[in-house]
Amino acid sequence: GRQGDPVSSQFFVSLEDNLMRLFGSDRIAKLMDRMGLEEGEVIQHSMITKSIERAQKKVEENNFAIRKRLLEYDDVMNSQREVIYKRRRNALYGDRLELDIMNMVYDTSEDIVLNATAMVDYEGFKLNSLGILALDYPINKEDFEKVDPPILTEELYNAAYKHYKEKNEALKKRAYPIFKNIEKERGATVEDVMVPFTDMKKQIGVVTNLQKNVDSECRELLVSMEKMVTLAFIDQAWKEHLREMDDLKQSVQNAVYEQKDPLLIYKFESFELFKGFVSKVNEDTISFLMQADLPVQQSGDVQEAQAPRSRQRLQESKEESGSILGGGKTPDARNRPAAEKTMPIKSAKIMGRNQRVTVQYMDGNVKKGVKFKTVEEDIKNNKCVLIED
C-alpha cells in the first residue's frame, strides 16, 4: 500500500489487530518498535506483510471452523423442528389430525405394554391403562404373563380407540342441547363460544363456532377440542425440551477432557431426549383426550369467546400470562370455572436417597417419613406420588 492511502491503512490495521490477537500485543509492539515503524504508519515491508497475511488466513480458517461447527449443532435441532412443526401444522389446519391421534394412541399403548411386560408388572399395566387411557382393560395376570407383547399392544390399542370414540359420541349428545339453547337464547349476538374441557387435573378453554356446532350436531366441538389440546401440549412440552437441549449443548463440551467429540455426544443424547419428549407429548395428549369432559351443565355456563385485547393490555405480568394448561391465569380464565384438583400435589424438590418423604399410593394408602430410596421405583412406575407434608 501507499502511505496516506485510507483503504490500505484500514486493511492493514485490521490485519495487524488479528495478528496481535494470535501472537500477543506485546511481541508485535516490540517487533514494530525494532523496525522503527510509527503508530498509524502504513506497513510496506514484505516480511511483515507476509506474516500478517498468514495470520489473517489462520484467523479466517479458525472463524470458518467455528461457524461450521455451530451449524452442525443447529442441524440437529432443525431435524427435530421438522418433525414437531409438521405435527403442529396438522393440528392447526386439521390435516391428518385424526391419523396423528390414532398414532399417538397406538404409541402410548405400545409404551404401556412394553414397560409392563419387560418388568412382568401386571399391576403397573392395569394402573397405567386406567390412569392414561381411562380404560380398565379386561385381562387376568396369567394371560398377561403369557401373551405376546405385539398382540397385547394391538388389542389394547383397539380397545382404547373404541373407548375414545364412544366417549366422544356421548359427549356430543350431552353438548348438543346446550348449543341449541345458546342458539335460541343468544344466537343473534353470539358467533363463537368458549367451552371448558377438563380431565379433573387440567383445564383447557376451547373456542368454537356456534352455528357450525348446531349444524354438525357438535362434531365441530370435538374437532376444535382435539386441535386445541394437541397444540397446547405440544407447545408446553416443546418449550421445556428447548431448555433441556440448550443445557445439553453446554454440558457436552466437557467431553473434550475425555478425548471425545462433543458433537457426537450431543447427537446421541439429543436423540434420546427427543424420544422422551415425543413420548411425553403423546402420553399427556392422549391422557387428556381420553378423560376430557364438560364441567358445564347449562347453556348459561358457556361464555362468549372474547375478541383479542389490544397490544397495550397484553402487557401482563408473568403470573397472568401462564399456560392455558393450568397453573397461571390466562386472559380467558375469568370465563370458566376453576378445575377441581383431586390428585395430591406433586413435589418439585430434588430428593436425596436418604431423605424422609411422604407418599400416597393410588389406593389411597399414605406412607409418612419413609426414605426416598425405598419408594423411588414405585414413583418411577407411577404407583405412588410425592405429597407435601
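**Figure 1. Salt bridges in the predicted model.** The count comes to eight salt bridges. The model is predicted. Three of these pairs are shown in the views that follow: Asp293 with Arg174, Glu183 with Lys180, and Lys280 with Asp284.

**Figure 2. Asp293 and Arg174 form a salt bridge between distant parts of the chain.** The closest N and O atoms of the pair are 2.6 Å apart. Asp293 sits in the loop between helix 10 (262-291) and strand 3 (303-304). Arg174 belongs to helix 7 (residues 149-186). Asp293 has 31% relative accessibility, so Asp293 counts as partly exposed. Arg174 is also assigned as partly exposed, at 35%.

Figure 3. Glu183 is partly exposed, with a relative accessible area of 25%. Lys180 is partly exposed too, at 36% relative accessibility.

**Figure 4. Lys280 and Asp284 pair within helix 10.** Their side chains form a salt bridge, with the closest N and O atoms 3.1 Å apart. Both residues lie in helix 10. The spacing is four residues, about one turn of the helix. Lys280 has a relative accessible area of 39% and is partly exposed. For Asp284 the relative accessible area is 23%, again partly exposed.

**Figure 5. Asp100 is buried and has no salt bridge.** Asp100 is found in helix 4 (residues 97-119). The nearest side chain of opposite charge is that of Arg96, 5.0 Å away. A salt bridge requires a side-chain nitrogen of Lys or Arg within 4 Å of a carboxyl oxygen, so Arg96 does not qualify as a partner at that distance. Asp100 does have a polar contact: its side chain meets that of Asn90 at 2.9 Å.

**Figure 6. Four acidic residues form a negative surface patch.** The members are Glu240, Glu244, Asp246 and Asp247. Asp247 lies in helix 9 (residues 219-251).

Key
Residues are numbered from 1 along each chain as its sequence is written. This is a predicted model: local features need pLDDT of at least 70, side-chain atom pairs count only at pLDDT 80 or more; totals for chains, interfaces and linings use all residues. Side-chain values use heavy atoms; hydrogens and water are left out. Patches are made of residues with over 30% relative accessible area and no salt bridge: like charges are joined within 9 Å, nonpolar side chains (Val, Leu, Ile, Met, Phe, Trp, Tyr) within 5 Å. Accessible areas come from the Shrake-Rupley method with a 1.4 Å probe; for residues, only the protein chains shown count as cover. Lys and Arg count as positive and Asp and Glu as negative; His and the chain ends are not counted. The place of a charge is taken as NZ of Lys, CZ of Arg, CG of Asp or CD of Glu. Helices (H or I, at least four residues) and strands (E, at least two) are DSSP runs, numbered from the N terminus. Buried means under 20% relative accessible area, exposed over 50%, partly exposed in between (1.4 Å probe, protein chains only). A polar contact is a pair of N or O atoms within 3.5 Å; within protein, one must be able to donate a hydrogen and the other to accept it, and residues adjacent in sequence count only if both atoms are side-chain atoms.
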